[in-house]
Amino acid sequence: MRIKHKIKPIKRLGQNLLIDKQIIKKVVRTANLQSKDIVLEIGPGTGALTQEIAKTVKKVIAVEKDPRMCEALKENLKELKNIEIINQDILKFKIQNSKLIQNSKFKIQNYKLVANLPFYITAPVIRKFLELKNPPKEMILIIQKEVAQRICPRPPKLEERRRGKSPKMNILAVSVQFYANVKIISYISKKSFYPQPKVDSAIIKIVPKKKYKNVDIDLFFKIVKAGFSHPRKQLANNLANGLKLSKKEINDLLLKNNIQPTQRAETLFINNWIKLSNMLNPVRD
Ligand code: SAM
């Protein structure tokens with residue numbers, strides 16, 4: 001089956017189509033797809049990845065914002081009967097309302113998310129799917145290389161930490177690592193896409209993990225947001241302002257956790273945030 005590329009790509013919609021067959025195969029291999037799997041694909045475009053996925057799995061739900069792409073997709077993949085194409089913005093898409101969940105034959109808990117993501121929605125998509133009551137079993141995503149490296153920072157070795165090297169977390173990294181285990185599978189050259197984007201990409205795999213026990217999620221994220229409110233400023237100031245606590249209370253709390261008040265939010269590991277949130281939770285035993 002030939003995939004046609006007659007449509008003029010729209011930059012605003014992040015339409016950088018995958019043209020490297022080896023990369024398409026690698027994404028599919030990484031997802032370790034089985035014949036019983038249900039896959040939700042975001043932004044199928046003209047269907048290069050969709051076609052490979054659909055050959056293996058039971059069902060593909062493909063959510064695409066651009067109606068021109070949906071038409072092309074229907075035409076390109078008309079021989080495959082296990083694809084449901086939904087013309088919608090994924091950020092507005094309610095997975096609970098899709099046919100997937102109305103049909104009780106399909107267990108919504110057992111779906112995988114696969115996407116060559118349009119770069120402009122990377123963070124909201126990852127957050128949306130991790131925060132769902134029924135998150136995917138795993139997410140295999142193509143995202144910008146730099147974003148991938150920020151989400152999965154290599155923890156500095158002991159010697160590097162002594163020299164003051166920090167993990168350089170950001171708020172997305174904290175959210176992802178709170179809900180999931182995440183790793184970079186491999187890097188992709190920008191030459192593998194048409195039109196060619198300005199930067200290279202990476203394939204990442206996100207696997208949701210068991211929820212932390214005894215963590216007040218709202219409080220946790222309130223603290224994280226306060227900590228990162230001015231990322232270049234000192235953590236103690238951000239927390240005192242954001243949480244409406246005195247500087248002394250915050251300094252004491254940080255020092256009890258072996259964190260210097262002068263550190264920046266980017267230097268904290270996920271466990272540091274969890275400890276802070278548990279110590280600030282008055283109702284916890
Ligand atoms: N999967 C195709 C491929 O790998 O060749 C296309 C990937 S392209 C990077 C991103 C696709 O996402 C485009 O088809 C674009 O129209 C679509 N898209 C952009 N914003 C979207 C949104 N908010 N919801 C759903 N699809 C979107």
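This is a predicted model: local features need pLDDT of at least 70, side-chain atom pairs count only at pLDDT 80 or more; totals for chains, interfaces and linings use all residues.
# Reading a ligand site and a few backbone details

Guide: Let's start at the ligand: a backbone N or O atom of Gly-43 lies 2.8 Å from one of the ligand's nitrogen atoms. Residues are numbered from 1 along each chain as its sequence is written, and side-chain values use heavy atoms, leaving out hydrogens and water.

Visitor: Which other backbone atom lies 3.3 Å from a nitrogen atom of the ligand?

Guide: A backbone N or O atom of Lys-65 does.

Visitor: How much of the ligand does the protein bury?

Guide: Accessible areas come from the Shrake-Rupley method with a 1.4 Å probe. Alone, the ligand exposes 600 Å², and the protein buries 99% of that.

Visitor: How many residues surround the ligand?

Guide: A residue counts as near if one of its heavy atoms lies within 4 Å. Here 21 residues surround the ligand, with Gln-15, Leu-18, Gly-43, Glu-64 and Tyr-120 the closest.

Visitor: How do I read a pair of aromatic rings?

Guide: You describe a pair by the distance of the centres and the angle of the planes. Rings of Phe, Tyr and Trp (its six-membered ring) pair if their centres lie within 6.5 Å; planes under 30 degrees apart count as stacked, over 60 as edge-to-face and the rest as tilted. The structure holds seven aromatic pairs. In one of them, Phe-178 and Phe-220 are stacked, 4.2 Å centre to centre with 25 degrees between the planes.

Visitor: What about the backbone?

Guide: Most residues other than glycine have a negative phi, and most peptide bonds are trans. In this model, the peptide bond from Tyr-194 to Pro-195 is cis, with omega near -10 degrees. Lys-244 is not a glycine, yet has a positive phi of about 55 degrees.

Visitor: Where is Lys-244 found?

Guide: Look in the loop between helix H10 (235-243) and helix H11 (247-256). Helices (H or I, at least four residues) are DSSP runs, numbered from the N terminus.

Terms used: A polar contact is a pair of N or O atoms within 3.5 Å; within protein, one must be able to donate a hydrogen and the other to accept it, and residues adjacent in sequence count only if both atoms are side-chain atoms. Helices (H or I, at least four residues) and strands (E, at least two) are DSSP runs, numbered from the N terminus.
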